[in-house]
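Thank you all for coming.

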Amino acid sequence: MMLPKPGIYFFPWEVSAGQVPDGDTLRTFGRLCSYDMTRSQVTLMAQLRSDQHPILVCTKLVEPFQAQLGSLYTVLGELEHQKDGSCVVKARVLTCVEGMNLPLLEQAIREQRLYQQERDSGQ
């Protein structure tokens, strides 16, 4: 049995801009701003400068869960492009990480990418 890929961290603005290939396993984050229980869908929101970046997340595989509106969440799942051009993350893991230092997480993601690039270019 093949295990699913671990999921590469993407910034929410990269996900909402369509920079993640369809079907790719990814990790991202955002504040929970809505939860539609009937559609099993949450919207995570992240801000870059003055722009808001929404990410739709399908929660069928992680329900039931305690939705804490306004709290910071990380999500691990597969990206699915919709017919209307939008995309949805099919969540395998949805974790409330309220209190996490967001600037530090963003810095860690950038450092990890730099390390990967250096490692890949050295091979």
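I will talk about the nonpolar cores and then about the salt bridges.

Please keep in mind that this is a predicted model, in which local features need pLDDT of at least 70 and side-chain atom pairs count only at pLDDT 80 or more, while totals for chains, interfaces and linings use all residues. Residues are numbered from 1 along each chain as its sequence is written, and side-chain values use heavy atoms, with hydrogens and water left out.

Let me begin with the cores. By a nonpolar core I mean a set of buried Ala, Val, Leu, Ile, Met, Phe, Trp, Tyr and Cys residues joined through side-chain atoms within 4.5 Å, where buried means under 20% relative accessible area, exposed means over 50%, and partly exposed is in between, using a 1.4 Å probe and protein chains only. In soluble globular proteins, nonpolar side chains tend to be buried together.

Which residues touch the most other members of the largest nonpolar core? They are Val15 and Val57, in a core of 18 residues. At least two residues of this core come from each of strand 2 (25-36), strand 3 (41-48), strand 4 (51-58), strand 5 (72-81) and strand 6 (87-96), and strand 6 gives the largest share, 4 residues. Helices (H or I, at least four residues) and strands (E, at least two) are DSSP runs, numbered from the N terminus.

Leaving aside residues up to four places away in sequence, Val15 touches Phe10, Val20, Leu26, Thr28, Ile55, Leu79 and Cys87, contact here meaning heavy atoms within 4.5 Å. Another core, of 7 residues, lies apart from the largest one, and its members include Phe11, Trp13, Phe29 and Leu105.

Now to the charged side chains. A salt bridge is a side-chain nitrogen of Lys or Arg within 4 Å of a carboxyl oxygen of Asp or Glu, and a search of the whole structure finds 4 of them.

One of these joins Glu14 to Arg113, with the closest N and O atoms 2.6 Å apart. Because Glu14 lies in helix 1 (residues 12-16) and Arg113 in helix 2 (residues 102-121), the pair ties together parts that are 99 residues apart in sequence. Is Glu14 buried or exposed? At 13% relative accessibility, Glu14 counts as buried, whereas Arg113, at 28%, counts as partly exposed.

Another salt bridge is formed by Glu98 with Arg31, the closest N and O atoms being 2.9 Å apart. This pair links distant parts of the chain, with Glu98 in the loop between strand 6 and helix 2 and Arg31 in strand 2, 67 residues apart.
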